[in-house]
Amino acid sequence: MLPEEAYAVGRRLAELRLDGIGVSVSAVRRGGIRGPQRGGETRLRAGDVLVLCGTPEAREDAEKILLEG
């Protein structure tokens, strides 16, 4: 879950370039509703839960990017 102070809050998925580290976002859960990943234009909000696909190492890297930039 993205906390209020996460780097990714307010940014579009495309800006984060997670695909470049081997991670894809298969879904975003917002307000308890899970929807498919809507492409790079999805702007993330505090409280969003991202479903990530990739190796364990790549997912760790993605978490760092999402939280710290």
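1. Strands here are DSSP runs of type E with at least two residues, numbered from the N terminus. With that in hand, take Thr-42. Thr-42 sits in the loop that links strand S2 (33–36) to strand S3 (49–53). Keep in mind that this is a predicted model.

2. Is Thr-42 buried or exposed? Thr-42 has a relative accessible area of 13%. The cut-off for buried is under 20%.

3. Which residues does Thr-42 touch, once neighbours within four places in sequence are set aside? The contacts of Thr-42 are Arg-11, Arg-12, Leu-13 and Arg-30.

4. Now the whole fold. The protein has three strands and two helices. Follow the sequence and the pattern reads α-β-β-β-α.

5. Next, contacts across the protein. Take those with a separation of 6 or more: 66% of them join residues 24 or more positions apart.

6. Check the overall size. The radius of gyration is 11 Å. A compact globule of 69 residues would come out near 11 Å, so the protein agrees with that value. The C-alpha trace spans about 30 × 25 × 20 Å along its principal axes.

7. Look at burial and surface. Of the 69 residues, 29% count as buried. The accessible surface is about 4,400 Å². Carbon and sulfur atoms hold 47% of that surface.

8. Last, charge. The protein carries 11 positive side chains and 11 negative ones. The centres of these two sets are 7 Å apart.

Conventions
Residues numbered from 1 in each chain as written. Predicted model: local features only at pLDDT ≥ 70, side-chain atom pairs only at ≥ 80, totals over all residues. Heavy atoms only, no water. Helix = DSSP H or I, 4+ residues; strand = E, 2+ residues; numbered from the N terminus. Buried < 20%, exposed > 50% of the residue type's maximum accessible area, 1.4 Å probe, protein only. Contact = heavy atoms within 4.5 Å. Rg over C-alpha atoms; globule rule 2.2 N^0.38 Å. Areas by Shrake-Rupley, 256 points an atom, 1.4 Å probe, with all protein chains shown as cover. Lys, Arg positive; Asp, Glu negative; His and termini not counted. Charge placed at Lys NZ, Arg CZ, Asp CG, Glu CD.
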